[in-house]
There are 2 protein chains.
Amino acid sequence: MAARPDLPGAFETLVMLAVARLGDTAYGMTVRRALEERTGHATSLGAVYSTLDRLETKGYVSSSESEGGDDRGGRAKRFFRLTAPGLRALNQGIEAVDKMREGVPGLPRPARAT
Amino acid sequence: MAARPDLPGAFETLVMLAVARLGDTAYGMTVRRALEERTGHATSLGAVYSTLDRLETKGYVSSSESEGGDDRGGRAKRFFRLTAPGLRALNQGIEAVDKMREGVPGLPRPARAT
DNA sequence: CGGTTTAATTCTACAATGTAGAATTACGAT
DNA sequence: ATCGTAATTCTACATTGTAGAATTAAACCG
């Protein structure tokens with residue numbers, strides 16, 4: 001079984017996690033900020049958006065334009081949400097790493113689930 | 001700081017973990033087996049070897065031919081070890097994911113460190 | 001010795017993901 | 001209309017992911 005688990009890539013994983021953690025406030029800018037703040041890894045917006053696009057093509061995230069109501073200038077935001085298949089794929093990737101790192105010395109202690 | 005953390009890819013991470021966990025018995029075949037047994041994800045030897053090669057180019061693993069002493073037929077084994085920079089990179093990648101997944105609901109519980 | 005079996009690695013090729021920067025779109029205000 | 005601002009889309013190329021075929025080499029056997 002599970003002939004093609006098709007684990008997400010490293011950056012895809014990070015982006016999906018950012019979307020998941022941001023809840024209903026995930027869009028290009030906030031995703032990038034979350035990534036930078038949490039991981040210290042600076043990335044370009046282009047990187048974030050193309051990854052988001054590819055994830056959407058795979059059905060791992062969905063997107064919707066923001067309704068009017070904001071008074072600020074500038075273009076409308078495109079909000080992203082993690083889909084059920086996206087969550088599943090994310091879990092598979094995380095589980096694979098967790099399984100592999102079990103009992104290996106010299107690795108950081110895993111994060112506590114909240 | 002850390003302008004270019006250069007996180008390892010998803011499969012690279014899995015391969016490095018396999019090498020780490022196998023200790024001094026890590027070579028192409030055992031790496032593949034460890035991967036399959038632990039993650040359920042089948043991979044080709046070609047995939048494993050080219051990843052191992054690329055990791056060596058980056059200095060994340062080192063390799064050495066097996067000394068004689070085996071009485072089995074077949075070609076000599078090439079054993080791999082994780083280097084210090086490799087462990088560092090591995091840790092950074094794992095930490096990045098751990099940071100991002102902290103407190104996000106719907107994710108699997110992290111593995112217990114042993 | 002020369003062929004056969006066995007174990008393992010290397011080579012070749014292409015698809016998918018990673019990544020950045022420039023260009024573009026669209027809105028509100030002047 | 002045009003300007004500044006906020007955000008997204010486009011274009012392009014480098015790196016990583018992945019498989020399968022080809023190759024290498026040691027031990028064994030007659």
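# Briefing: helices and contacts in a two-chain predicted model

Helix 1 of chain A (residues 10-22) has 13 residues and reaches 19 Å from its first C-alpha to its last, close to the 18 Å expected at 1.5 Å a residue. The expected span is 1.5 Å times one less than the number of residues. Helices (H or I, at least four residues) and strands (E, at least two) are DSSP runs, numbered from the N terminus. This is a predicted model, in which local features need pLDDT of at least 70 and side-chain atom pairs count only at pLDDT 80 or more, while totals for chains, interfaces and linings use all residues. Residues are numbered from 1 along each chain as its sequence is written, and chains are lettered from A and ligands numbered from 1 in the order in which they are written.

**Chain A as a whole**

- Chain A holds four helices and two strands, and along the sequence they follow the pattern α-α-α-β-β-α.
- Of the 114 residues in chain A, 35% are buried; a residue is buried if 20 or more other C-beta atoms lie within 10 Å of its own, exposed if 12 or fewer, and partly exposed in between, with C-beta atoms placed from the backbone.
- Among contacts in chain A with a separation of 6 or more, 49% join residues 24 or more positions apart; two residues are in contact if their C-beta atoms, placed from the backbone, lie within 7 Å.

**Helix 1 of chain A**

- Ten of the 13 residues of helix 1 of chain A are buried, so this helix is largely enclosed by the rest of the structure.
- The buried residues include Glu12(A), Leu14(A), Leu17(A) and Arg21(A).
- Gly23(A) follows helix 1 of chain A and has a positive phi, near 60°.

**Helix 1 against helix 3 in chain A**

- The axes of helix 1 and helix 3 (residues 45-57) of chain A come within 10 Å and cross at roughly 85°; axes are lines fitted to C-alpha atoms, for helices over the stretch in contact, and angles run from 0 to 180 degrees between N-to-C directions.
- Helix 1 of chain A is therefore roughly perpendicular to helix 3 of chain A; angles under 35 degrees count as roughly parallel, over 145 as roughly antiparallel, 65 to 115 as roughly perpendicular and the rest as oblique.
- Phe11(A), Glu12(A), Val15(A) and Met16(A) of helix 1 meet Val48(A), Thr51(A), Leu52(A) and Leu55(A) of helix 3 in this contact.

**Between the chains**

- In chain A, 39 residues are in contact with 39 residues of chain B.
- Helix 4 of chain B gives the most to the side of chain B that touches chain A, with eleven residues.
- By class, that side of chain B has 21 nonpolar, ten polar and eight charged residues; Ala, Val, Leu, Ile, Met, Phe, Trp, Tyr, Cys and Pro count as nonpolar, Asp, Glu, Lys and Arg as charged, and the others, Gly among them, as polar.

**Ala76 of chain B**

- Ala76(B) sits in the loop between strand 1 (61-65) and strand 2 (78-82) of chain B.
- Ala76(B) is exposed, with 11 other C-beta atoms within 10 Å.
- Apart from neighbours within four places in sequence, Ala76(B) is in contact with Glu65(B) and Ser66(B).
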